[in-house]
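Have the sequence and the 3D view open as you read.

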Amino acid sequence: MTLPNIDNYPIALFTPRNELLDIAKHSFEKLLTFKPDVLLVSAGFDAYVRDPLLQLTLEREDFAKFGEWLSNIDYPVAVVLEGGYSEDLPELLDAFLTSWND
């Protein structure tokens, strides 16, 4: 059964970074076509390349890019920290929040 407005994007371990960014951009753009009243973001930083739990490939600057995307929309946004277990988490949060607030 397919539910309206619900999309899943399965991602394999070690998916190349550029593919992850393309998937994220596509899903973000699709979300915006829905024209939400508010955007609630479950911000997981466990897709970071040096996260000890997952084997994904995002870098610090990618999380900054996600923050930039949020800074360029006209919807109210709330963000909740959901995951991320690297010792670099403070720097990742800083990159994300700084670029969102610029």
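## Salt bridges and a helix pair

Glu59 and Arg50 join their side chains in a salt bridge, 3.6 Å from N to O (that is, a side-chain nitrogen of Lys or Arg within 4 Å of a carboxyl oxygen of Asp or Glu). This is a predicted model, so local features need pLDDT of at least 70 and side-chain atom pairs count only at pLDDT 80 or more, while totals for chains, interfaces and linings use all residues. Residues are numbered from 1 along each chain as its sequence is written, and side-chain values use heavy atoms, leaving out hydrogens and water.

Searching the whole structure turns up 7 salt bridges, among them these:

| Pair | Closest N and O atoms |
|---|---|
| Glu61 and Arg17 | 3.0 Å |
| Glu29 and Lys25 | 3.9 Å |

Glu61 sits in helix 2 and Arg17 in helix 1 (residues 17-33), so their bridge ties together parts 44 residues apart in sequence. Helices here are DSSP runs of H or I with at least four residues, numbered from the N terminus. Glu29 and Lys25, on the other hand, are 4 residues apart in helix 1, about one helical turn. There's also a network of salt bridges linking Arg17, Glu61 and Asp62.

Now for the packing. Helix 2 (residues 60-71) and helix 3 (residues 89-101) pack at about 30°, with axes 7 Å apart; the axes are lines fitted to C-alpha atoms over the stretch in contact, and angles between N-to-C directions run from 0 to 180 degrees. The two helices are therefore roughly parallel, a label for angles under 35 degrees.

Conventions
Angles under 35 degrees count as roughly parallel, over 145 as roughly antiparallel, 65 to 115 as roughly perpendicular and the rest as oblique.
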